[in-house]
Amino acid sequence: MSIRLFLALMLIGSSSVFGQIKPTDYVTRMRSERMDDPTKEARVQQLLKSMTLQEKAGQMTQLTHTVWVDEGVPFLSNGDPGQVFSLDTNKFIPLVRDYHIGSFLNGIAVPPDRWYEYITTLQRITLRYDRHKIPMIYGMDHMHGANYIEGGTVFPHNINIAATFDPRFAHTVGEVTALESADVGHHWVFSPVFDLGRNPRFPRFYETFGEDPLLGSIMGAAVVDGIQNNGLTAPYRQAACAKHFLGYSDPETGWDRSPADYSMQYFYEYMVPPFAAGIKAGVKTVMINSGEVNGEPVHGSYRLLTQLLRDELGFKGVTVSDWQDVIRLFSAQHVAATEKEAAYVALMAGLDMSMTPYTTEFPRHVVELVNEGRIPMSRIDLSVARILRLKMDLGLFENPYPRNDRFDRIGRPEHKTKAAEAAAESIVLLKNEGILPLELSKVKKIVVAGPTADTKRDLAGGWSLR
């Protein structure tokens, strides 16, 4: 047996979900994660006592908006945004009435008044059919400004923000994003990315703050602070999301959502510090790496999701899967024989919420696993308590509905000026061998070539157009 294979098997063996978790561990964790406000914590505990298993499983599930749009409405990049937001209440009501789904996500850039009407309707239906009046929480990938709101301020991507070497710009990105999106009901912002850009082949390189763990730590923490501690969004608060935990951005092949292989020194010296900084900054949620680290899918890793994230780094918030990634433990990574087994593996590893995002199979699996005695109720309560605490911490129980009287904050000239300043500061001249400055008397034409040279979609980067 090679030394590399031996070490890999040692790591996988030490982190296996099987036989590692004790029911008493959940009770201890529950106590250690209690809110500072005893009144709110008492409310959390009372809800846990009164909720059914089905209701708890629903709180641990997140669905995407295309599940409840009108039949036949296409989700096309060049389609009518109004059509995409055509809500079919006959589809949505069962999700909260029968499956008790507590979280939703996604959309495209529509005017703020459209978002206001949409979120208000979803929340009104949720509170009508939830007997405990637990509000839903809506998540959005506002990756470089309020890019999912028409007219919202769009900042340069993180790689540009990093190139300014000025954390004030990173803080401004978070601050402006919060100010422009909180009022429309986007209480969960899936940003910032704490992955390091150390692999130039990685297709989401632009989302990173570059290759340096110190710079990535400082910039990411600044975005978290800008989103979560913006008093101007009152009475609303928002949760930032550190992603993608852990080791996502330097896969061996360069492909997105694919395996990575790290030495432990490299792992702890480069990959861990940015997330440690985000947790120290108080980030409320963490999204999990879709891929594998040293042969182990992260969504099924007790070593990474519990021992590292919780015990070593001290994170006490909500962990959420990335897109369909619990299912991928079965369908793509083949560490589970069925989708139900995949749910078991992810839950016992330490996941709190599954972004399924299309089906209601996950809550059904949760119920069956508990009823079969394979997962103790205390394990479910641990995750549901974290989700309820998040919603209470954000003030959703007191202020569940969006408001439409401050839309003049969206796309303010001073916000766009800040975005332009960040873009200007991010420009880097790598090497000048006498080419610049150009002598305009001699230069008649400049050729810009390539298949993406004249497309706004590519020049703007991801998370920009639709």
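A: Rings of Phe, Tyr and Trp (its six-membered ring) are paired if their centres lie within 6.5 Å; planes under 30 degrees apart count as stacked, over 60 as edge-to-face and the rest as tilted. In this structure, Tyr-262, Tyr-266, Phe-267, Tyr-268 and Tyr-270 belong to one aromatic cluster. The model is a predicted one, in which local features need pLDDT of at least 70 and side-chain atom pairs count only at pLDDT 80 or more, while totals for chains, interfaces and linings use all residues. Residues are numbered from 1 along each chain as its sequence is written, and side-chain values use heavy atoms, with hydrogens and water left out.

Q: Are Phe-92 and Phe-104 buried or exposed?
A: Buried means under 20% relative accessible area, exposed over 50%, and partly exposed in between (1.4 Å probe, protein chains only). Both Phe-92 and Phe-104 are buried. Another pair, Tyr-262 and Tyr-266, has ring centres 5.4 Å apart and planes at 25°, so it is stacked. Tyr-262 has 6% relative accessibility and therefore counts as buried.

Q: Which residue lies over the face of Tyr-270?
A: A charge sits over a ring if NZ of Lys or CZ of Arg is within 6 Å of the ring centre and within 35 degrees of the ring normal. Over the face of Tyr-270 lies Arg-198, at 4.0 Å from the ring centre. Tyr-344 has Arg-374 over its face, at 4.3 Å from the ring centre.

Q: In what order do the five strands of the open sheet stand?
A: Two strands pair if DSSP finds at least two bridges between them. The order is β4-β3-β2-β1-β10, with parallel pairing. At the edges stand β4 (188-189) and β10 (354-355), each with a single partner strand, so one side of each has no neighbour in the sheet. Strand β3 (residues 137-140) pairs with β4 in the parallel sense over two bridges, and Gly-139 has Trp-188 in β4 as its bridge partner. Three bridges join β2 to β3, which also run parallel; there, Phe-104 has Tyr-138 in β3 as its bridge partner. Both faces of β3 are covered, with Ile-137 and Gly-139 buried on one side and Tyr-138 and Met-140 buried on the other.

Q: Which strands make up the open sheet of three strands?
A: That sheet has the order β5-β6-β9, with parallel pairing. β5 and β9 (318-320) are at its edges with a single partner strand each, so one side of each is left without a neighbour. Strand β6 (residues 285-288) and β9 are paired in the parallel sense over three bridges, and Met-287 has Val-320 in β9 as its bridge partner.

Q: At what angle do helix α3 and helix α16 pack?
A: Axes are lines fitted to C-alpha atoms, for helices over the stretch in contact, and angles run from 0 to 180 degrees between N-to-C directions. Helix α3 (residues 38-50) and helix α16 (residues 377-393) pack at about 135°, with their axes 10 Å apart. Angles under 35 degrees count as roughly parallel, over 145 as roughly antiparallel, 65 to 115 as roughly perpendicular and the rest as oblique. The helices α3 and α16 are therefore oblique to each other.

Q: Why is helix α12 described as largely enclosed?
A: Eight of the 11 residues of α12 (residues 302-312) are buried, so the helix is largely enclosed by the rest of the structure. Among them are Tyr-302, Arg-303, Leu-304 and Arg-310. Gly-314, which follows α12, has a positive phi near 80°.

Methods: Helices (H or I, at least four residues) and strands (E, at least two) are DSSP runs, numbered from the N terminus.
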